[in-house]
Amino acid sequence: MPRDYYEVLGVDREADETTIKKSFRRLARELHPDVNAHDPEAEEKFKEAAEAYEVLSDAERRRTYDAYGHEGLKSGGFSPNFEGFGSISDLFSAFFGQGGGFDSAFGGTRMRGGAVQGGDVGLAVAITLGEAASGTSVEVSYDATASCETCHGNGAEPGTPIVTCDRCNGAGQIQAVQRTRFGQMVRTALCDKCGGDGRIAEQPCHTCDGRGMVAGARRVKVDIPAGIDDGQRLRFTGRGHAGERGGPAGDLYVVVRVKEDERFIRDREDLATVIDVAAPLAALGTTIQVPTLDGDVPLDVPAGTQPGETIVMSGRGLPPLGRGRTGDLRVVINVVIPRRLNRKQRDLLEELASSLSEDNLREPEGMLAKLKRALAG
Ligand SMILES: [Zn+2]
Ligand SMILES: [Zn+2]
(Lines give C-alpha, C1' and ligand atoms only; values in the text may rest on other atoms or scores of the structure.)
(Ligands and ions follow the chains in the order given, each with its own letter.)
Protein backbone atom coordinates (compact mmCIF):
# COMPACT_ATOMS: atom_id res chain seq x y z
CA MET A 1 0.00 0.00 0.00
CA PRO A 2 1.62 3.28 -1.04
CA ARG A 3 1.94 5.98 1.60
CA ASP A 4 -0.33 8.98 1.70
CA TYR A 5 1.11 11.63 -0.64
CA TYR A 6 0.55 14.46 1.85
CA GLU A 7 2.35 12.46 4.48
CA VAL A 8 5.24 11.75 2.08
CA LEU A 9 5.73 15.46 1.43
CA GLY A 10 5.04 16.40 5.05
CA VAL A 11 2.37 18.97 4.17
CA ASP A 12 -1.23 19.26 5.30
CA ARG A 13 -4.18 18.65 3.00
CA GLU A 14 -4.84 22.38 2.53
CA ALA A 15 -1.25 23.14 1.51
CA ASP A 16 -0.99 25.49 -1.48
CA GLU A 17 1.13 24.97 -4.58
CA THR A 18 4.11 26.94 -3.26
CA THR A 19 4.22 24.97 -0.02
CA ILE A 20 4.09 21.69 -1.91
CA LYS A 21 6.85 22.75 -4.26
CA LYS A 22 9.01 23.99 -1.42
CA SER A 23 8.53 20.80 0.52
CA PHE A 24 9.49 18.65 -2.46
CA ARG A 25 12.57 20.75 -3.10
CA ARG A 26 13.64 20.31 0.48
CA LEU A 27 13.08 16.56 0.36
CA ALA A 28 14.79 16.21 -2.99
CA ARG A 29 17.81 17.95 -1.63
CA GLU A 30 17.90 15.77 1.47
CA LEU A 31 17.50 12.58 -0.50
CA HIS A 32 20.11 13.40 -3.12
CA PRO A 33 21.88 10.05 -3.54
CA ASP A 34 25.26 11.81 -3.35
CA VAL A 35 24.53 13.33 0.00
CA ASN A 36 22.86 10.15 1.10
CA ALA A 37 25.55 7.69 0.10
CA HIS A 38 25.11 5.92 3.44
CA ASP A 39 21.39 5.45 2.89
CA PRO A 40 20.64 2.87 0.19
CA GLU A 41 16.95 3.70 0.42
CA ALA A 42 17.46 7.35 -0.48
CA GLU A 43 16.72 6.85 -4.16
CA GLU A 44 13.54 4.91 -3.41
CA LYS A 45 12.47 7.61 -0.99
CA PHE A 46 13.25 10.20 -3.61
CA LYS A 47 11.05 8.42 -6.15
CA GLU A 48 8.26 8.24 -3.60
CA ALA A 49 8.53 11.98 -3.00
CA ALA A 50 8.67 12.65 -6.75
CA GLU A 51 5.53 10.62 -7.30
CA ALA A 52 3.74 12.49 -4.53
CA TYR A 53 4.85 15.76 -6.04
CA GLU A 54 3.78 14.71 -9.51
CA VAL A 55 0.25 14.15 -8.22
CA LEU A 56 -0.16 16.99 -5.73
CA SER A 57 1.35 19.62 -8.04
CA ASP A 58 -1.29 18.90 -10.68
CA ALA A 59 -4.70 20.34 -9.73
CA GLU A 60 -6.74 17.71 -11.54
CA ARG A 61 -4.74 14.72 -10.31
CA ARG A 62 -4.82 16.18 -6.82
CA ARG A 63 -8.63 16.45 -6.91
CA THR A 64 -8.86 12.82 -8.03
CA TYR A 65 -6.50 11.74 -5.29
CA ASP A 66 -8.34 13.75 -2.61
CA ALA A 67 -11.65 12.20 -3.61
CA TYR A 68 -10.66 8.61 -4.46
CA GLY A 69 -7.13 8.05 -3.17
CA HIS A 70 -4.47 5.91 -4.81
CA GLU A 71 -7.05 3.58 -6.35
CA GLY A 72 -8.81 6.50 -8.00
CA LEU A 73 -5.60 7.62 -9.67
CA LYS A 74 -4.85 4.14 -10.90
CA SER A 75 -8.28 3.60 -12.39
CA GLY A 76 -8.00 7.08 -13.91
CA GLY A 77 -4.95 5.87 -15.80
CA PHE A 78 -2.25 7.53 -13.75
CA SER A 79 1.00 5.80 -13.21
CA PRO A 80 4.14 7.60 -12.15
CA ASN A 81 6.05 8.40 -15.32
CA PHE A 82 9.46 9.25 -13.92
CA GLU A 83 10.70 5.73 -14.57
CA GLY A 84 10.92 6.76 -18.22
CA PHE A 85 13.44 9.49 -17.55
CA GLY A 86 17.03 8.43 -17.81
CA SER A 87 18.51 10.02 -14.75
CA ILE A 88 17.49 11.88 -11.70
CA SER A 89 18.67 15.13 -13.18
CA ASP A 90 16.45 14.54 -16.23
CA LEU A 91 13.61 13.84 -13.89
CA PHE A 92 14.36 17.01 -12.14
CA SER A 93 14.35 19.19 -15.18
CA ALA A 94 11.05 17.61 -16.20
CA PHE A 95 9.54 18.68 -12.89
CA PHE A 96 10.87 22.17 -12.67
CA GLY A 97 11.70 22.85 -16.28
CA GLN A 98 15.04 24.00 -17.57
CA GLY A 99 16.34 26.76 -15.39
CA GLY A 100 13.70 25.92 -12.82
CA GLY A 101 15.92 27.51 -10.24
CA PHE A 102 16.40 24.43 -8.19
CA ASP A 103 19.33 25.13 -5.95
CA SER A 104 21.87 22.76 -7.43
CA ALA A 105 20.68 19.51 -5.88
CA PHE A 106 21.13 17.70 -9.14
CA GLY A 107 24.44 18.53 -10.61
CA GLY A 108 24.02 22.14 -11.30
CA THR A 109 21.53 24.94 -11.54
CA ARG A 110 21.18 26.87 -14.72
CA MET A 111 21.40 30.54 -14.00
CA ARG A 112 20.89 33.70 -15.98
CA GLY A 113 23.21 34.12 -18.96
CA GLY A 114 23.93 30.40 -19.31
CA ALA A 115 26.03 30.23 -16.14
CA VAL A 116 25.60 26.98 -14.28
CA GLN A 117 26.26 26.48 -10.62
CA GLY A 118 28.45 23.46 -9.98
CA GLY A 119 26.96 20.32 -8.48
CA ASP A 120 27.12 19.50 -4.81
CA VAL A 121 29.33 16.79 -3.38
CA GLY A 122 28.21 14.70 -0.43
CA LEU A 123 30.25 12.47 1.82
CA ALA A 124 30.24 11.03 5.30
CA VAL A 125 32.88 11.01 8.02
CA ALA A 126 32.95 9.00 11.23
CA ILE A 127 34.27 10.47 14.49
CA THR A 128 34.40 9.27 18.09
CA LEU A 129 32.16 10.54 20.88
CA GLY A 130 35.22 12.24 22.41
CA GLU A 131 35.87 14.08 19.14
CA ALA A 132 32.20 15.09 19.02
CA ALA A 133 32.59 16.54 22.50
CA SER A 134 35.75 18.51 21.81
CA GLY A 135 35.22 19.33 18.16
CA THR A 136 37.77 18.18 15.62
CA SER A 137 39.00 18.72 12.12
CA VAL A 138 39.04 15.96 9.57
CA GLU A 139 40.76 15.76 6.22
CA VAL A 140 38.40 14.48 3.55
CA SER A 141 39.24 13.52 -0.03
CA TYR A 142 36.84 13.40 -2.92
CA ASP A 143 36.69 13.90 -6.67
CA ALA A 144 35.34 17.17 -7.97
CA THR A 145 35.49 19.01 -11.25
CA ALA A 146 37.58 22.13 -11.60
CA SER A 147 37.93 24.64 -14.38
CA CYS A 148 40.39 23.41 -17.06
CA GLU A 149 43.66 25.27 -16.85
CA THR A 150 44.59 24.74 -20.51
CA CYS A 151 41.54 26.51 -21.96
CA HIS A 152 40.57 28.52 -18.86
CA GLY A 153 37.19 26.84 -18.97
CA ASN A 154 36.02 27.86 -22.45
CA GLY A 155 36.63 24.41 -23.98
CA ALA A 156 38.58 25.64 -27.01
CA GLU A 157 42.14 24.66 -27.85
CA PRO A 158 44.15 27.80 -27.10
CA GLY A 159 44.36 29.99 -30.20
CA THR A 160 41.35 28.43 -31.98
CA PRO A 161 38.00 30.19 -32.50
CA ILE A 162 34.64 29.57 -30.86
CA VAL A 163 31.81 29.34 -33.39
CA THR A 164 27.99 29.24 -33.45
CA CYS A 165 26.55 25.81 -32.64
CA ASP A 166 25.23 24.13 -35.80
CA ARG A 167 22.68 21.95 -33.98
CA CYS A 168 20.63 24.72 -32.38
CA ASN A 169 21.84 27.55 -34.62
CA GLY A 170 22.99 29.41 -31.57
CA ALA A 171 19.68 29.26 -29.69
CA GLY A 172 21.06 26.92 -27.04
CA GLN A 173 17.77 25.02 -26.92
CA ILE A 174 16.01 22.37 -28.93
CA GLN A 175 12.40 21.23 -28.81
CA ALA A 176 11.82 17.65 -27.78
CA VAL A 177 8.45 15.94 -28.13
CA GLN A 178 7.70 13.48 -25.41
CA ARG A 179 4.86 10.98 -25.32
CA THR A 180 3.16 10.53 -21.98
CA ARG A 181 -0.10 8.92 -20.86
CA PHE A 182 -1.66 12.36 -20.97
CA GLY A 183 -0.72 12.95 -24.57
CA GLN A 184 2.21 14.60 -26.21
CA MET A 185 4.20 17.15 -24.32
CA VAL A 186 6.65 19.48 -25.96
CA ARG A 187 9.60 19.94 -23.75
CA THR A 188 12.24 22.54 -24.40
CA ALA A 189 15.54 20.92 -23.74
CA LEU A 190 19.02 22.27 -23.68
CA CYS A 191 21.01 21.66 -26.81
CA ASP A 192 23.13 18.62 -26.10
CA LYS A 193 25.89 19.73 -28.42
CA CYS A 194 26.64 23.15 -26.94
CA GLY A 195 25.11 22.61 -23.53
CA GLY A 196 22.90 25.68 -23.94
CA ASP A 197 25.70 28.03 -24.79
CA GLY A 198 24.81 28.43 -28.45
CA ARG A 199 28.51 28.45 -29.22
CA ILE A 200 31.04 25.67 -29.43
CA ALA A 201 34.76 25.38 -29.81
CA GLU A 202 35.81 24.72 -33.40
CA GLN A 203 38.66 22.66 -32.05
CA PRO A 204 38.02 21.22 -28.59
CA CYS A 205 40.66 21.67 -25.93
CA HIS A 206 42.90 18.58 -25.80
CA THR A 207 43.06 18.56 -22.00
CA CYS A 208 39.34 18.56 -21.26
CA ASP A 209 37.87 17.39 -24.61
CA GLY A 210 36.04 20.67 -24.86
CA ARG A 211 34.19 20.34 -21.58
CA GLY A 212 36.02 23.25 -20.03
CA MET A 213 36.36 21.25 -16.86
CA VAL A 214 38.51 18.47 -15.55
CA ALA A 215 37.85 16.06 -12.71
CA GLY A 216 40.45 15.83 -10.00
CA ALA A 217 41.02 14.57 -6.48
CA ARG A 218 40.69 17.13 -3.73
CA ARG A 219 41.73 17.07 -0.12
CA VAL A 220 40.01 19.49 2.19
CA LYS A 221 40.29 19.93 5.92
CA VAL A 222 36.85 20.42 7.44
CA ASP A 223 36.16 21.65 10.95
CA ILE A 224 33.58 19.73 12.92
CA PRO A 225 32.13 21.82 15.74
CA ALA A 226 32.00 20.56 19.33
CA GLY A 227 28.62 19.14 20.32
CA ILE A 228 27.73 17.68 16.91
CA ASP A 229 25.25 14.82 17.01
CA ASP A 230 25.19 11.63 14.94
CA GLY A 231 23.67 12.15 11.48
CA GLN A 232 24.01 15.93 11.42
CA ARG A 233 25.13 17.47 8.17
CA LEU A 234 27.59 20.28 7.61
CA ARG A 235 27.67 22.44 4.52
CA PHE A 236 30.85 23.93 3.12
CA THR A 237 29.96 26.56 0.57
CA GLY A 238 31.83 26.50 -2.72
CA ARG A 239 33.73 23.25 -2.06
CA GLY A 240 31.72 21.20 -4.58
CA HIS A 241 32.07 20.88 -8.35
CA ALA A 242 33.20 23.93 -10.32
CA GLY A 243 30.52 26.05 -11.97
CA GLU A 244 30.28 26.41 -15.71
CA ARG A 245 30.36 29.60 -17.76
CA GLY A 246 31.03 31.79 -14.76
CA GLY A 247 28.60 30.08 -12.40
CA PRO A 248 29.59 29.59 -8.76
CA ALA A 249 30.90 26.27 -7.47
CA GLY A 250 28.58 23.81 -5.74
CA ASP A 251 28.75 22.98 -2.07
CA LEU A 252 30.28 20.16 -0.09
CA TYR A 253 28.00 18.38 2.35
CA VAL A 254 29.51 16.27 5.09
CA VAL A 255 27.31 13.94 7.10
CA VAL A 256 28.91 13.31 10.49
CA ARG A 257 28.53 9.85 11.97
CA VAL A 258 29.40 9.69 15.66
CA LYS A 259 30.62 6.19 16.50
CA GLU A 260 28.97 4.50 19.44
CA ASP A 261 30.87 4.51 22.71
CA GLU A 262 29.80 1.42 24.62
CA ARG A 263 30.40 3.12 27.96
CA PHE A 264 27.75 5.78 27.38
CA ILE A 265 24.27 6.40 26.18
CA ARG A 266 23.91 9.83 24.62
CA ASP A 267 20.86 12.05 24.62
CA ARG A 268 21.85 15.30 22.89
CA GLU A 269 24.22 16.98 25.38
CA ASP A 270 23.58 14.52 28.19
CA LEU A 271 25.31 11.22 28.79
CA ALA A 272 24.33 8.30 30.97
CA THR A 273 26.39 5.40 32.24
CA VAL A 274 25.80 2.44 34.58
CA ILE A 275 28.22 1.45 37.36
CA ASP A 276 27.99 -1.78 39.37
CA VAL A 277 28.34 -1.37 43.12
CA ALA A 278 28.31 -4.38 45.50
CA ALA A 279 25.35 -4.27 47.89
CA PRO A 280 27.44 -4.02 51.11
CA LEU A 281 29.38 -1.06 49.65
CA ALA A 282 26.13 0.65 48.61
CA ALA A 283 24.95 0.18 52.20
CA LEU A 284 28.20 1.49 53.71
CA GLY A 285 28.91 4.23 51.18
CA THR A 286 31.96 4.11 48.90
CA THR A 287 33.93 5.94 46.23
CA ILE A 288 33.78 4.66 42.66
CA GLN A 289 35.69 5.55 39.49
CA VAL A 290 33.36 6.84 36.78
CA PRO A 291 34.43 6.95 33.13
CA THR A 292 33.96 10.41 31.61
CA LEU A 293 35.02 11.93 28.29
CA ASP A 294 38.05 13.35 30.17
CA GLY A 295 39.07 10.04 31.76
CA ASP A 296 38.06 8.35 35.02
CA VAL A 297 36.78 10.62 37.78
CA PRO A 298 36.10 9.57 41.41
CA LEU A 299 32.51 9.82 42.64
CA ASP A 300 31.22 9.42 46.20
CA VAL A 301 28.32 7.03 46.54
CA PRO A 302 26.53 7.88 49.79
CA ALA A 303 25.69 5.21 52.38
CA GLY A 304 22.28 3.67 51.78
CA THR A 305 22.24 4.17 47.98
CA GLN A 306 19.44 2.07 46.49
CA PRO A 307 19.42 0.03 43.23
CA GLY A 308 18.85 2.21 40.16
CA GLU A 309 19.51 5.49 41.98
CA THR A 310 21.05 8.14 39.74
CA ILE A 311 23.82 10.51 40.69
CA VAL A 312 24.17 13.50 38.37
CA MET A 313 27.67 14.70 37.56
CA SER A 314 26.89 18.18 36.39
CA GLY A 315 28.75 19.50 33.33
CA ARG A 316 30.32 16.13 32.47
CA GLY A 317 28.27 15.73 29.30
CA LEU A 318 28.86 17.34 25.90
CA PRO A 319 28.91 21.03 25.03
CA PRO A 320 25.84 22.36 23.21
CA LEU A 321 26.13 22.78 19.43
CA GLY A 322 24.74 26.29 19.61
CA ARG A 323 23.93 28.29 22.69
CA GLY A 324 22.98 26.60 25.94
CA ARG A 325 24.66 24.79 28.79
CA THR A 326 26.97 21.82 28.80
CA GLY A 327 25.17 18.56 29.48
CA ASP A 328 25.41 16.27 32.49
CA LEU A 329 26.59 12.74 33.05
CA ARG A 330 23.96 10.66 34.85
CA VAL A 331 25.48 7.77 36.73
CA VAL A 332 23.00 4.99 37.37
CA ILE A 333 24.03 2.86 40.36
CA ASN A 334 23.44 -0.81 39.70
CA VAL A 335 23.50 -2.41 43.14
CA VAL A 336 24.74 -5.96 42.72
CA ILE A 337 23.74 -8.62 45.24
CA PRO A 338 26.74 -10.91 45.88
CA ARG A 339 26.43 -14.46 44.52
CA ARG A 340 28.29 -17.76 45.19
CA LEU A 341 29.07 -16.95 48.83
CA ASN A 342 31.72 -18.95 50.68
CA ARG A 343 31.18 -20.27 54.20
CA LYS A 344 32.54 -17.23 55.99
CA GLN A 345 30.62 -14.72 53.85
CA ARG A 346 27.48 -16.72 54.46
CA ASP A 347 27.95 -16.59 58.21
CA LEU A 348 28.58 -12.84 58.12
CA LEU A 349 25.48 -12.19 56.06
CA GLU A 350 23.36 -14.40 58.28
CA GLU A 351 24.56 -12.44 61.28
CA LEU A 352 23.77 -9.18 59.44
CA ALA A 353 20.36 -10.42 58.35
CA SER A 354 19.34 -11.43 61.87
CA SER A 355 20.45 -8.04 63.18
CA LEU A 356 18.35 -6.02 60.71
CA SER A 357 15.35 -4.20 62.08
CA GLU A 358 12.41 -2.45 60.44
CA ASP A 359 14.36 0.80 60.77
CA ASN A 360 17.16 -0.44 58.47
CA LEU A 361 14.73 -1.00 55.62
CA ARG A 362 12.44 2.00 55.96
CA GLU A 363 12.87 4.80 53.43
CA PRO A 364 14.06 8.01 55.09
CA GLU A 365 10.95 9.67 53.79
CA GLY A 366 8.02 7.53 52.68
CA MET A 367 6.05 8.12 49.49
CA LEU A 368 3.11 9.52 51.49
CA ALA A 369 5.30 11.97 53.40
CA LYS A 370 6.85 13.18 50.13
CA LEU A 371 3.42 13.76 48.63
CA LYS A 372 2.21 15.63 51.72
CA ARG A 373 5.27 17.89 51.61
CA ALA A 374 4.77 18.56 47.91
CA LEU A 375 1.12 19.52 48.45
CA ALA A 376 1.92 21.70 51.47
CA GLY A 377 4.69 23.50 49.55
ZN1 LIG B 1 40.25 22.63 -21.53
ZN1 LIG C 1 23.66 24.07 -29.63
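The chain folds into 10 helices and 17 strands. What is shown is a predicted model, and the values below were computed from it. Of the 377 residues in the chain, 36% are buried. Among the contacts with a separation of 6 or more, 62% are between residues 24 or more positions apart.

Begin with the metal sites. Which residues hold the zinc ion (ligand 1)? Its protein donors are the SG atoms of Cys-148, Cys-151, Cys-205 and Cys-208, which lie 2.3 to 2.4 Å from the ion. The angles among these four donor atoms run from 102 to 116 degrees, and the site is tetrahedral. Along the chain, the donors of ligand 1 follow the spacing C-x2-C-x53-C-x2-C. Cys-151 sits in the loop between β4 (136-147) and β5 (162-164), while Cys-205 sits in the loop between β8 (199-201) and β9 (213-224), so this pair ties together parts that are 54 residues apart in sequence. Both Cys-151 and Cys-205 are buried.

The zinc ion (ligand 2) has a site of its own. Here the protein donors are the SG atoms of Cys-165, Cys-168, Cys-191 and Cys-194, at 2.2 to 2.3 Å from the ion. What geometry does the site of ligand 2 have? With angles of 101 to 116 degrees among the four donor atoms, the site is tetrahedral. The donors of ligand 2 are spaced as C-x2-C-x22-C-x2-C along the chain. Cys-165 and Cys-168 are buried.

Most residues other than glycine have a negative phi. Asn-169 is not a glycine, yet its phi is positive, at about 55 degrees. Asn-169 belongs to the loop between β5 and β6 (173-180). Is Asn-169 buried or exposed? Its relative accessible area is 64%, so Asn-169 is exposed. Asp-209 is not a glycine either, and has a positive phi of about 55 degrees. With a relative accessible area of 66%, Asp-209 is exposed.

Now turn to a pair of helices. Helix α3 covers residues 42-56 and helix α4 covers residues 59-75. The axes of α3 and α4 come within 9 Å and cross at roughly 130 degrees, which means that α3 is oblique to α4. On the α3 side, the contact is made by Glu-54, Val-55 and Leu-56. On the α4 side, Arg-61, Arg-62, Tyr-65 and Leu-73 take part. Sorted by class, the contact has four nonpolar, no polar and three charged residues.

Helix α3 also contains Glu-51. Is Glu-51 buried or exposed? Glu-51 has a relative accessibility of 18% and therefore counts as buried, since the cut-off for buried is under 20%. How many residues separate Glu-51 from Leu-9 in sequence? Glu-51 and Leu-9 are 42 residues apart in sequence, and their C-alpha atoms are 10.0 Å apart in space.

Definitions and conventions: Residues numbered from 1 in each chain as written. Chains lettered and ligands numbered in written order. Predicted model: local features only at pLDDT ≥ 70, side-chain atom pairs only at ≥ 80, totals over all residues. Heavy atoms only, no water. Donors = N, O, S within 2.8 Å, 3.2 Å for Na, K, Ca; no water. Tetrahedral: all angles 85-135°; square planar, octahedral: opposite > 155°, others 65-115°. Helix = DSSP H or I, 4+ residues; strand = E, 2+ residues; numbered from the N terminus. Buried < 20%, exposed > 50% of the residue type's maximum accessible area, 1.4 Å probe, protein only. Axes fitted to C-alpha atoms, helices over the stretch in contact; angles between N-to-C directions. Parallel < 35°, antiparallel > 145°, perpendicular 65-115°, else oblique. Contact = heavy atoms within 4.5 Å. Nonpolar A, V, L, I, M, F, W, Y, C, P; charged D, E, K, R; others polar.
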